[in-house]
Amino acid sequence: MDIFGDLRRMNKRQLYYQILNFAMIVSSALMIWKGLIVATGSESPIVVVLSGSMEPAFHRGDLLFLTNFRKDPIRAGEIVVFKVEGRDIPIVHRVIKVHEKDNGNVKFLTKGDNNEVDDRGLYKEGQNWLEKKDVVGRARGFLPYIGMVTIIMNDYPKFKYALLAVMGAYVILKRES
Amino acid sequence: MGWRQVGEEGERDKMAASTAAGGTTPPVAAAPSGTSFSSPQSLGRVGSNKSGLLEKKSLGFKRLQRQLGASVDREQIRRWKDSAYQPCKGGNWKIDDKPVKIDKWDGSAVKNSLDDSAKKVLLEKYKYVENFGLIDGRLIICTISCFFAVVALIWDYLHPFPASKPVLALCVISYFIMMGILTIYTSYKEKSIFLVAHRKDPSGMDPDDVWQLSSSLKRFDDKYTLKLTFISGKTKQQREAEFTKSIAKFFDNSGMLVMEAYEPEISKLHDSLATERKTK
């Protein structure tokens with residue numbers, strides 16, 4: 001197979017450079033992601049809408065951009081992404097009720113636009129309100145349909161690994177000048 | 001690749017047959033033989049009409065004869081064609097075990113192949129020593145960048161997000177600064193130079209002369225430019241020579257680099273710089 005031909009003809013330095021090239025691409029992606037995390041203050045600045053509970057505003061497969069600045073107040077009508085304690089999948093819903101104290105403590109209730117009832121059924125046993133610490137971020141912008149790729153890759157993990165393997169192999173085996 | 005080998009085999013047999021039959025070619029080492037080569041009779045016999053292949057072979061001999069001078073005889077050329085690459089006059093040297101075949105439509109493979117061969121000519125024929133300083137610099141910058149990325153990854157894993165914010169910010173900024181340094185390094189310091197070679201001064205007293213090779217081949221273009229720079233160790237002055245040729249001149253139809261067309265170009269560049277030095 002001639003795809004290894006290039007690799008076999010390389011000396012140590014060139015081989016190391018090929019590996020470094022691959023590492024640099026991965027590092028660049030990682031650093032951009034971490035940079036976004038630091039810049040937006042949210043632990044997951046880009047999320048994909050998984051369910052249809054926010055239609056007609058967001059549909060399944062939309063990409064959402066979040067920010068999570070401490071100073072921003074939470075007000076009724078805003079769309080927040082939050083994590084319920086004990087579950088790792090974040091939920092995108094709208095804030096419908098807010099109680100705020102003078103010292104800044106907030107309690108709020110959420111409900112999906114397309115749902116009949118509020119989210120108390122989704123919260124932890126005995127929990128009736130959410131707090132600021134549960135918030136992953138506030139939705140600031142969105143891109144329609146792009147998130148479908150992520151949904152497909154999550155539903156068919158083999159496809160994801162195959163794609164990553166092919167891309168990785170291509171970078172390592174193809175020689176740059 | 002097929003037709004060449006077949007042609008060669010047939011060729012050898014034909015030649016053996018002609019000598020055995022008491023043909024015009026005198027025995028191996030002896031003759032200076034301008035005569036036997038240029039005799040139309042032998043050329044005519046080799047050019048068989050059975051298949052176009054052998055006819056092409058005789059053209060190859062003719063071309064080589066024109067290039068290298070009629071003093072070279074058929075037997076020498078046959079020996080040369082047996083080896084992977086053509087030796088220079090008076091010496092015998094091999095570059096690789098077998099010639100490399102690349103996809104002739106892939107621009108970067110073509111450029112890499114030409115660069116590698118130019119490197120090998122300079123290192124093997126003229127016996128210069130390669131200096132890895134430039135390449136090492138680039139590798140070090142890349143390694144430091146990856147190190148920052150790994151530090152960020154591990155720190156964030158050990159101390160989840162809000163706590164790791166300052167360290168993360170530091171690593172991200174450092175990473176992008178290193179990327180900037182890398183870009184400046186490759187654009188200004190490396191500048192498409194792919195070989196830095198030293199000629200060790202035989203007396204051991206004066207500093208080494210430095211030869212640099214750099215090349216360029218634009219995307220979807222066929223003009224390949226090779227530039228050879230000579231920096232004298234003693235006077236520190238710089239002289240350069242370059243040529244720009246179509247890659248079609250160096251590659252055959254199947255994508256193999258034809259060293260007998262490429263190597264003289266490099267030697268010409270080198271000698272033009274070397275002789276200038278001698279006259280000064």
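The area buried between chain B and chain A is about 2400 Å², and carbon and sulfur atoms give 66% of that area. Buried area here is the accessible area (1.4 Å probe) that two parts lose on being put together, summed over both. Of the area that chain B buries against chain A, 22% is supplied by B:Asn112, B:Leu139 and B:Phe161, more than by any other three residues.

The model is predicted: local features need pLDDT of at least 70, side-chain atom pairs count only at pLDDT 80 or more, and totals for chains, interfaces and linings use all residues. Residues are numbered from 1 along each chain as its sequence is written, chains are lettered from A and ligands numbered from 1 in the order in which they are written, and side-chain values use heavy atoms, with hydrogens and water left out.

## The interface

In this interface, 25 residues of chain A are in contact with 31 residues of chain B; contact means heavy atoms within 4.5 Å. Seven residue pairs between chain B and chain A are in polar contact, both residues being at pLDDT 80 or more. A polar contact is a pair of N or O atoms within 3.5 Å; within protein, one must be able to donate a hydrogen and the other to accept it, and residues adjacent in sequence count only if both atoms are side-chain atoms.

On the side of chain B that touches chain A, the elements that give two or more residues are helix H6 (107-125), helix H7 (133-158) and helix H8 (161-190) of chain B. Helices (H or I, at least four residues) and strands (E, at least two) are DSSP runs, numbered from the N terminus. H7(B) gives the most to this side, with 12 residues. The residues of this side of chain B divide into 18 nonpolar, four polar and nine charged. In this division, Ala, Val, Leu, Ile, Met, Phe, Trp, Tyr, Cys and Pro count as nonpolar, Asp, Glu, Lys and Arg as charged, and the others, Gly among them, as polar.

Side chains of opposite charge can pair when their charged atoms come close. A salt bridge is a side-chain nitrogen of Lys or Arg within 4 Å of a carboxyl oxygen of Asp or Glu. The structure holds 21 salt bridges over all chains, and three are found across the interface of chain B and chain A. One of them joins A:Lys34 to B:Asp156, with the closest N and O atoms 2.9 Å apart. In another, B:Asp136 and A:Arg13 have their closest N and O atoms 2.7 Å apart. This pair runs from helix H7 of chain B to helix H2 (residues 12-40) of chain A.

## The sheet of chain A

Chain A has an open sheet of six strands in the order E1-E2-E6-E3-E4-E5, with antiparallel pairing. Two strands pair if DSSP finds at least two bridges between them. Strand E1 (46-48) and strand E5 (106-111) of chain A are the edge strands, each pairing on one side only. On average, neighbouring strands of this sheet are turned by 50° against each other, direction ignored. For such angles, axes are lines fitted to C-alpha atoms, for helices over the stretch in contact, and angles run from 0 to 180 degrees between N-to-C directions.

| Strand pair (chain A) | Bridges |
|---|---|
| E2 (residues 63-67) and E6 (residues 135-143) | five bridges |
| E3 (residues 79-82) and E6 | three bridges |
| E4 (residues 91-100) and E5 | six bridges |

Along E6(A), A:Ala139 stands opposite A:Leu66, A:Gly141 is the bridge partner of A:Phe65, and A:Arg138 stands opposite A:Val80. In E5(A), A:Lys111 stands opposite A:Arg94. E4(A) and E5(A) form a hairpin with five residues between them, and A:Gly104 in the turn has a positive phi of about 100°.

Two loops of chain A hold backbone exceptions. Most residues other than glycine have a negative phi, and most peptide bonds are trans. The peptide bond from A:Glu55 to A:Pro56 is cis, with omega near 0°; A:Pro56 is in the loop between E1 and E2 of chain A. A:Tyr145 has a positive phi, near 65°, and is in the loop between E6 and helix H3 (148-155) of chain A.

## The sheet of chain B

Chain B has an open sheet of five strands in the order E1-E2-E3-E4-E5, with antiparallel pairing. Strand E1 (129-130) and strand E5 (238-246) of chain B each have a single partner strand, so one side of each is left without a neighbour in the sheet. Strand E3 (residues 209-217) and strand E4 (residues 223-231) of chain B pair over eight bridges, and B:Ile231 in E4(B) is the bridge partner of B:Val210. H6(B) lies across E1, strand E2 (193-199), E3 and E4 of chain B, running at about 160° to E3(B).
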